Amino acid sequence: MIQRFHFAIALVLAARFPAIVDAQEAHHPEITIAHPGVAGLKADLEKLLSYTTPQEREQLQNVIDFVDLFAFGLDPDRPIRVDMLTGVTPTPYVVSAAYKNDPELAEANAKPEDQLMENLDSNYITRKVADNLFELLPPDQGWLRLIPGMQSAILVLTTEEDHALLKQLIQKMADPLATSTSILEGGGNIGIGLQNKALTAEDQTKRAESFSEIRALRLDAIQKRPSESATAYDLRKGFVDNQLDELQRLLVEGLNLKAVAFLNSSDDTAAIRFSGEAIPETSLDKSIRLFHQNKDRFASIAPLEDSVLSGRMNHPVDELRQKNAAETRELMRKDVEDRIAKAAKLNDVQKKAAQQLFDEISTLVLDGLNSGYVNGFIESKLDDQGKFVTVGAVSSVNGQRLNDTLKLVSQTGEGNTFESGVAKVGDIDIHRIKLSSGFVELFDRIVGDEQEFYIGVSSDVTWFATGTDSLELLKKTAEGLKQPEDTDVIIKVDAHLLPWVRHWEKVAKEKPEPTAVEDKQPWRDRIRRLGQAVESYRDKDDLHIDMKAENGKLSGEIQFNTGTLRFVGKLISTFSKENFE
């Protein structure tokens with residue numbers, strides 16, 4: 001049976017980890033998710049579905065009925081709040097919501113909580129253990145506490161290990177709904193916030209020790225796939241470990257972090273706005289203060305006319321990220337070495353050259369990261385046949401090494417070619433390269449099979465270009481480069497999404513259907529979602545990303561318009577059709 005009442009959990013929460021550690025204490029971070037309430041949720045769902053086709057909009061009633069089923073007994077006009085108890089593992093999610101009877105369905109002299117309790121009793125075995133406190137009995141364990149003065153309820157699901165502990169916690173909690181509106185300040189449709197109130201070095205150490213338990217469990221949960229090599233598995237696991245480093249720093253050293261989503265019905269746009277500051281003198285605080293210490297070499301580069309992607313980056317790379325980059329490079333090297341060793345089409349000379357090529361290029365990249373910042377740009381447009389034409393550049397250290405390194409390309413396999421010095425702009429030597437199909441699969445997917453591209457080499461900047469007349473574009477762009485400037489750019493992206501989703505749909509369809517039964521449906525689902533994305537982005541496919549840093553505070557915004565809202569609406573309709581009909 002579908003368990004009602006927990007629709008907020010179904011929408012925003014992830015799976016729980018096994019085991020249990022210490023209870024919530026002052027040093028643990030406070031993480032809260034807030035939503036305006038049931039009426040707002042239904043209005044948002046209706047708006048998202050309004051962008052879809054008439055046939056897809058037929059799912060609206062099913063979706064609304066599903067929400068009403070879960071939310072029976074809740075006050076539709078008051079917020080819902082979810083608190084994550086980070087001091088307990090598995091991480092319990094405490095759901096707080098106001099209750100109110102539907103007047104059209106309420107019996108005479110009904111208590112305000114009657115419909116809520118009817119909802120709960122229809123899905124759980126409950127037992128009243130004290131005034132306004134109810135226990136959920138096995139197989140579904142948990143606690144429900146009513147706060148009659150506020151007409152609000154607090155619910156938590158438990159395990160056998162944390163059942164008694166969470167009873168104590170839920171009894172001590174003040175009404176959480178009183179502070180929910182601060183997260184949604186400014187009219188947000190859903191938001192998440194993190195606060196640390198215990199700020200000493202000892203408190204940070206305790207938070208780090210608590211996170212180590214989560215890290216171990218998360219890494220243990222990563223299973224090797226049947227078709228995956230040992231080195232590819234280690235690399236994938238290494239990527240997750242690096243992400244956990246970033247997450248740990250946020251949880252341990254973040255002072256006040258917030259992300260809020262806004263749906264603007266008046267102009268059919270949406271935005272995710274985020275902000276954050278760190279505990280003073282922590283590594284996170286020092287990392288944020290590194291922004292804007294280097295001039296932007298590419299500030300004078302204007303976006304291409306009819307650009308479908310315009311990206312700028314001037315981002316510091318602190319010690320943590322330098323360390324993670326070095327570790328990732330070693331894992332990648334082992335995986336590349338393994339793949340080269342298994343490459344039946346390469347002879348020993350070609351294998352040696354391929355490995356050397358990777359080693360020297362990855363060393364150049366790592367040296368750039370170890371310089372302390374990455375500065376770059378990328379511009380893409382479409383040619384008359386709808387194919388991408390791209391130019392870009394990135395800062396480098398002793399980049400002239402590439403002049404010799406790239407000569408190895410022609411030794412790495414049949415069909416791989418290198419032509420030196422096809423052009424020169426100032427101190428930039430430009431070379432032409434062509435890779436055989438399948439030599440670098442990811443490159444084929446992005447650029448295209450056997451597509452020529454150009455690399456421009458100088459001491460401190462590496463240039464690249466591909467597509468129709470891209471050599472002339474590279475030369476023209478490089479000639480127009482002026483002196484570095486101070487700008488507020490950290491990461492900035494302006495894109496039209498239709499060309500990209502259309503490209504990825506084509507790539508996905510060209511891949512053969514998997515032979516393994518368990519892989520067939522995900523493959524079909526991916527192609528279907530990409531098809532829905534293409535349909536969605538035929539009109540208003542803009543994406544804007546902008547990050548800022550000022551006075552030790554980081555902020556940013558991701559903006560979408562109708563195309564993305566339509567795509568989300570299509571996904572909701574598909575989910576409804578597959579699950580509710």
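In which loop is the place of Asp469? In this predicted model, Asp469 is found in the loop between strand 17 (461-466) and helix 14 (470-479). The backbone of Asp469 has a phi near 55°, which is a positive value in a residue other than glycine, and the residue is exposed, with a relative accessible area of 60%. Most residues other than glycine have a negative phi, and most peptide bonds are trans. A positive phi also occurs at His292, where the angle is near 65°, and His292 likewise has its place in a loop, here the one between helix 9 (283-288) and strand 11. With a relative accessible area of 32%, His292 is partly exposed. Another backbone feature concerns the peptide bond from Pro138 to Pro139, which is cis, with omega near 15°. Pro139 is found in the loop between strand 5 (133-136) and strand 6 (142-147).

Rolling a probe the size of a water molecule over the atoms shows where empty space is left. A search of the whole structure finds 1 cavity of 30 Å³ or more, and about 40 Å³ of space lies in the largest cavity. The residues that line the largest cavity are Leu290, His292, Gln293, Asn294, Asn314, His315, Pro316 and Tyr373. Strand 11 (residues 309-316) supplies the largest share of this lining, with 3 residues. When the lining of the largest cavity is sorted by class, it has 3 nonpolar and 5 polar residues, and no charged residues.

The packing of helices was examined for two pairs. The axes of helix 2 (residues 38-50) and helix 17 (residues 562-580) are 7 Å apart, and the two helices pack at an angle of about 105°. Angles of 65 to 115 degrees count as roughly perpendicular, and helix 2 and helix 17 are therefore roughly perpendicular to each other. On the side of helix 2, the contact involves Leu45, Leu48 and Leu49, which meet Leu565, Val568, Gly569, Ile572 and Ser573 in helix 17. By class, the contact of helix 2 with helix 17 has 6 nonpolar and 2 polar residues, with no charged residues. An α-helix has 3.6 residues a turn, so residues three or four places apart point the same way.

For the second pair, the axes of helix 10 (residues 319-342) and helix 11 (residues 348-370) come within 10 Å and cross at roughly 170°. Because angles over 145 degrees count as roughly antiparallel, helix 10 is described as roughly antiparallel to helix 11. Helix 10 contributes Gln322, Ala325, Ala326, Arg329, Met332, Arg333, Val336, Glu337, Ile340 and Ala341 to the contact, while helix 11 contributes Lys351, Ala354, Gln355, Phe358, Asp359, Ser362, Thr363, Leu366, Leu369 and Asn370. By class, the contact of helix 10 with helix 11 has 10 nonpolar, 5 polar and 5 charged residues.

In helix 5 (residues 114-121), the buried residues are Gln115, Leu116, Met117, Asn119 and Leu120. These buried residues of helix 5 pack against helix 4 (60-71), strand 4 (126-130), strand 5, strand 6 and strand 7 (152-157).

Thr231 lies in helix 8 (residues 230-253) and, at 17% relative accessibility, counts as buried, since the cut-off for buried is under 20%. Leaving aside neighbours within four places in sequence, Thr231 is in contact with Lys334, Asp335 and Asp338. From C-alpha to C-alpha, Thr231 and Ile378 are 31 Å apart in space, and they are 147 residues apart in sequence. Lys258, whose place is in strand 9 (residues 254-264), is partly exposed, with a relative accessible area of 26%. The C-alpha atoms of Lys258 and Gly191 are separated by 7.3 Å, although these residues are 67 residues apart along the chain. When residues up to four places away in sequence are not counted, Lys258 touches Ser182, Ile183, Ile192, Gly193, Arg273, Phe274 and Ser275. Glu161, in the loop between strand 7 and helix 6 (163-172), is exposed, with a relative accessible area of 58%. Glu161 and Thr89 are 72 residues apart in sequence, and their C-alpha atoms are 9.9 Å apart in space.

Technical notes: Residues are numbered from 1 along each chain as its sequence is written. This is a predicted model: local features need pLDDT of at least 70, side-chain atom pairs count only at pLDDT 80 or more; totals for chains, interfaces and linings use all residues. Side-chain values use heavy atoms; hydrogens and water are left out. On a 1 Å grid over the protein atoms alone, a cavity is a set of points where a 1.4 Å probe fits but cannot get out, and a pocket is an open set with protein on both sides within 12 Å along at least five of seven lines; lining residues have an atom within 4 Å of a point. Grid points are joined across faces, edges and corners, and a volume is the space filled by probe spheres set on the points. Helices (H or I, at least four residues) and strands (E, at least two) are DSSP runs, numbered from the N terminus. Ala, Val, Leu, Ile, Met, Phe, Trp, Tyr, Cys and Pro count as nonpolar, Asp, Glu, Lys and Arg as charged, and the others, Gly among them, as polar. Axes are lines fitted to C-alpha atoms, for helices over the stretch in contact, and angles run from 0 to 180 degrees between N-to-C directions. Angles under 35 degrees count as roughly parallel, over 145 as roughly antiparallel, 65 to 115 as roughly perpendicular and the rest as oblique. Contact means heavy atoms within 4.5 Å. Buried means under 20% relative accessible area, exposed over 50%, partly exposed in between (1.4 Å probe, protein chains only).
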